[in-house]
Amino acid sequence: MVSAGSDPQTELVIPTSVKVLVAGGFGAGKTTLVGSVSEIPPLSTEELLTEAGEDVDDLAGVEGKTTTTVALDFGRISISTEIVLYLFGTPGQNRFWFMWDELANGAIGAIVLVDTRRLDSSFPSVDFFERRKIPFVVAVNCFDGAHSYAPEEVRKALVLNPEVPVLMVDARERESSKRALVTLVEHVLARMAESAGEDAALVSPGNSV
């Protein structure tokens, strides 16, 4: 409410916050994507890999990796004065799975970042969001030197439903990461419109239960 004599343009606007997850297997590039697109210095919980993790962290295919996320990544994007997007990157190692439910609480959707050199590490993320009916898109992080695949090849390999968008990205590039976020938001809005249409059909005359 605007008080008498106040300037509406100077009224404090409290933006609506929207939560998005960036998930995927160990070393898929989640920290890089959050860092490339965040408008603030991202909060990162990267720690150096040590010999203590040799028996629990599978480095096959990412032998050059020297750090790992031990909690979460966090970034922010202001869409407008009324909407702010908060990004939460999940930890990739299996021993941090207990954090995923808490991180997913309240999220509108997720980007599942995929490394085709370690495609099998993507299945747990896909299963996680499918089981909880959280909308998600699959973003294939095109690492230098990795074999390139068509989106439909990735869709088939991951046994994705036809409505799940699959796109190619370079997590190091801001515009590429933004494109993944835009695709996710469009997918979420389409799912919401579809759900609203189904609800309207259920309550229309002749369809009452």
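Predicted model: local features only at pLDDT ≥ 70, side-chain atom pairs only at ≥ 80, totals over all residues.
Residues are numbered from 1 along each chain as its sequence is written. Local features need pLDDT of at least 70, side-chain atom pairs count only at pLDDT 80 or more, and totals for chains, interfaces and linings use all residues, while side-chain values use heavy atoms, leaving out hydrogens and water.

**View 1. Phe74 and Tyr86, a stacked pair.** This structure holds six aromatic pairs (ring centres of Phe, Tyr or Trp, the last by its six-membered ring, within 6.5 Å; planes under 30 degrees apart are stacked, over 60 edge-to-face, the rest tilted). With centres 5.8 Å apart and planes at 15 degrees, Phe74 and Tyr86 count as stacked. Phe74 belongs to strand β4 (residues 73-78) and Tyr86 to strand β5 (residues 83-89), so the pair ties together parts 12 residues apart in sequence. Strands are DSSP runs of E with at least two residues, helices runs of H or I with at least four, numbered from the N terminus. Tyr86 is partly exposed, at 27% relative accessible area (buried is under 20%, exposed over 50%, partly exposed in between; 1.4 Å probe, protein chains only).

**View 2. An aromatic cluster.** Look here for Trp100, Phe128, Phe129 and Phe136, which form one cluster.

**View 3. Charges over rings.** Lys19 lies over the face of Phe88, 5.0 Å from the ring centre. The charged end of Arg117 sits over the ring of Phe143, at 4.3 Å from its centre. The criterion is NZ of Lys or CZ of Arg within 6 Å of the ring centre and within 35 degrees of the ring normal.

**View 4. Met192 in helix α5.** Helix α5 spans residues 174-203 and includes Met192, which counts as exposed at 52% relative accessibility.
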